[in-house]
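Me: I've never looked at this one before. Could you walk me through it?

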Amino acid sequence: MADKDSEKQRHYIMSRIRSTNTKPEIKLRKALFEKGYRYRVNVKTLPGKPDIVLPKYRTIIFVNGCFWHGHDGCKHYTVPETNTEFWVEKVRKNKERDAVDVQRLESFSWGVITIWECELKSKVFQDTIAKVEAELAANKAKWEAYQAKRRSDREFAKAESRRKRQVREEVERELQEQF
């Protein structure tokens with residue numbers, strides 16, 4: 001099936017598709033804000049420029065469009081009949097980039113949640129919000145446990161360093177007394 005729009009019209013239509021502040025993002029952000037969550041938006045210093053960053057919960061949320069990120073098994077993701085090779089390649093690259101970004105963020109100890117556009121439809125929206133809240137709570141607990149372990153490890157290292165310094169001073173004192 002040929003494209004019903006001219007090349008110029010298609011270019012204009014595609015240029016109007018935004019990458020930030022999309023309707024699904026805004027819907028999720030409003031719901032989170034109403035529930036008392038505070039966040040930052042599109043943080044450029046983090047890999048993938050995440051849609052929503054909740055530092056208190058050490059969590060990042062990506063809101064992915066089913067078409068643009070190739071949501072497998074979703075009715076909203078279909079490969080266009082025109083210029084198929086281009087679209088298949090584009091979606092494949094988007095998926096690869098997403099995977100790399102998630103891996104990099106997790107290596108920085110961030111919890112990553114991916115919400116698909118279809119999960120923000122009215123029928124399943126409340127379930128999605130409940131899922132996000134549960135993951136936020138789990139990520140916060142994990143982050144606090146990690147910080148507590150690091151704190152105790154630092155205290156142990158300091159105590160060990162003090163003990164070694166005292167032993168060294170004692171040995172030096174004894175050696176000075178002998179000679």
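Reply: Tyr 146, for instance, sits in helix 4. This is a predicted model, where local features need pLDDT of at least 70, side-chain atom pairs count only at pLDDT 80 or more, and totals for chains, interfaces and linings use all residues. Residues are numbered from 1 along each chain as its sequence is written, and side-chain values use heavy atoms, with hydrogens and water left out.

Me: OK, is Tyr 146 buried, exposed or partly exposed?

Reply: Tyr 146 is partly exposed, because its relative accessible area is 37%. Buried means under 20% relative accessible area, exposed over 50%, and partly exposed in between (1.4 Å probe, protein chains only).

Me: Which residues in helix 4 are buried?

Reply: Phe 125, Thr 128, Ile 129, Val 132, Leu 136, Asn 139 and Trp 143. Helix 2, strand 2 (52-54), strand 3 and strand 4 (111-116) are among what covers them.

Me: Why would residues three or four places apart point the same way?

Reply: An α-helix has 3.6 residues a turn, so residues at that spacing point the same way.

Me: New topic: how much space lies in the largest pocket?

Reply: About 760 Å³. Of its 29 lining residues, Ser 19, Val 63, Asn 64, Trp 68 and His 69 are the closest to the centre. On a 1 Å grid over the protein atoms alone, a pocket is an open set of points where a 1.4 Å probe fits, with protein on both sides within 12 Å along at least five of seven lines; lining residues have an atom within 4 Å of a point. Grid points are joined across faces, edges and corners, and the volume is the space filled by probe spheres set on the points.

Me: Which element gives the most to that lining?

Reply: Helix 3, with eight residues. Helix 2 (23-34), strand 3 (59-64) and helix 3 (84-107) each supply at least two.

Me: What about Asn 64, buried or exposed?

Reply: Asn 64 counts as buried, because its relative accessibility is 8%. Asn 64 is part of strand 3. Beyond neighbours within four places in sequence, Asn 64 is in contact (heavy atoms within 4.5 Å) with His 69, Asp 98, Thr 114, Ile 115, Trp 116 and Glu 117.

Me: How many disulfides are there?

Reply: Zero in the whole structure, where a disulfide is a pair of cysteine sulfur atoms within 2.5 Å. For Cys 66, the nearest cysteine sulfur belongs to Cys 74, 3.6 Å away. Cys 66 counts as buried because it has 0% relative accessibility.

Me: Last one: which loop holds Asn 42?

Reply: The loop between strand 1 (40-41) and strand 2. Asn 42 has a positive phi of about 50°, although it is not a glycine. Lys 49 is also in the loop between strand 1 and strand 2, and its phi is positive at about 45°.

Key. Helices (H or I, at least four residues) and strands (E, at least two) are DSSP runs, numbered from the N terminus.
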